[in-house]
Amino acid sequence: MDATKSEAFLRLAATLLLLMTALLVLFDSQTKLIYSSILRKATYKDLNALFVLVLVEFSAASYNLLQLVRCCIASRFMPGLIVWHKNLAWICFLLDQVAVYTVFAANSAALAASFLAVTGSSGFQWMKVCNIYARFCFQIGGALVCGYVASLLMALVSSISAFSLFRLYSSKHFLLLKGK
């Protein structure tokens, strides 16, 4: 399997996991009766980190989908003859790096906020919310696992992107393009 097909497969898997993460968080809600008269519904909008996570995951999935189309066009119409332009390779590499770090940061922020929902904080007098909304918390936890796996796959895609970029340069001279 050549690098373009591997990249396309990894991008497809990452896109599906990113969409699954965003959709699990977006559609997760649980309603509970609190103090025998108050109905309270927990959604992703209750925690700002989860709201940002949904936006970042959808954006990253869209980006990966566009790059997947680029991979499919390159492998279908130019098999074995993928000569990258240096500037396009740099743009793809840098955008891949930004996407990976942004998705990882959003997942980590959501994990930190969710950890407070699980453990609470007596110093701030925050109660343990996951004792009340257990199903909601378990689904958010599953979504975060999917998000971290997607981050890992995107890091692998980024390494393929780095390989595609740096194979254009000479190994003997610093930042000098290889001759044709």
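**Helices, a cavity and a pocket**

Tutor: Helix 3 has 34 residues and spans 49 Å from first C-alpha to last, close to the 50 Å expected at 1.5 Å a residue. The model is predicted: local features need pLDDT of at least 70, side-chain atom pairs count only at pLDDT 80 or more, and totals for chains, interfaces and linings use all residues. Residues are numbered from 1 along each chain as its sequence is written, and side-chain values use heavy atoms, without hydrogens and water.

Student: What makes 50 Å the expected span of helix 3?

Tutor: The expected span is 1.5 Å times one less than the number of residues. Helix 3 has 34 residues, and its 49 Å is close to the expected value. The helix is a DSSP run (H or I, at least four residues; strands are E, at least two; both numbered from the N terminus). Just after helix 3, Gly-120 takes a positive phi of about 75 degrees.

Student: Why are helix 3 and helix 4 called roughly antiparallel?

Tutor: They pack at about 160 degrees, with axes 9 Å apart. Angles run from 0 to 180 degrees between N-to-C directions, with axes fitted to C-alpha atoms over the stretch in contact. Over 145 counts as roughly antiparallel, under 35 as roughly parallel, 65 to 115 as roughly perpendicular, and the rest as oblique. Helix 3 and helix 4 are therefore roughly antiparallel.

Student: What hand does the crossing of helix 3 and helix 4 have?

Tutor: Left-handed: the near helix is turned anticlockwise from the far one by less than a right angle (clockwise would be right-handed). Their contact has 19 nonpolar, eight polar and two charged residues. Nonpolar means Ala, Val, Leu, Ile, Met, Phe, Trp, Tyr, Cys and Pro; charged means Asp, Glu, Lys and Arg; the others, Gly among them, are polar.

Student: How do helix 1 and helix 2 cross, and at what angle?

Tutor: Helix 1 (residues 3-26) and helix 2 (residues 48-77) cross at roughly 155 degrees, their axes coming within 8 Å. That makes helix 1 roughly antiparallel to helix 2. The crossing is left-handed. Its contact holds 19 nonpolar, six polar and four charged residues.

Student: What makes a space a cavity or a pocket?

Tutor: On a 1 Å grid over the protein atoms alone, a cavity is a set of points where a 1.4 Å probe fits but cannot get out; a pocket is an open set with protein on both sides within 12 Å along at least five of seven lines. Lining residues have an atom within 4 Å of a point. The structure holds one cavity of 30 Å³ or more, and the largest cavity has about 40 Å³. Its lining includes Arg-11, Tyr-63 and Asp-96. Helix 3 gives the largest share, three residues.

Student: What is the volume of the largest pocket, and which residues are closest to its centre?

Tutor: About 670 Å³. Closest among its 26 lining residues are Leu-47, Ala-113, Ala-117, Val-129 and Phe-136. Helix 3 gives the largest share, seven residues. By class, the lining has 21 nonpolar, three polar and two charged residues.

Conventions
Grid points are joined across faces, edges and corners, and a volume is the space filled by probe spheres set on the points.
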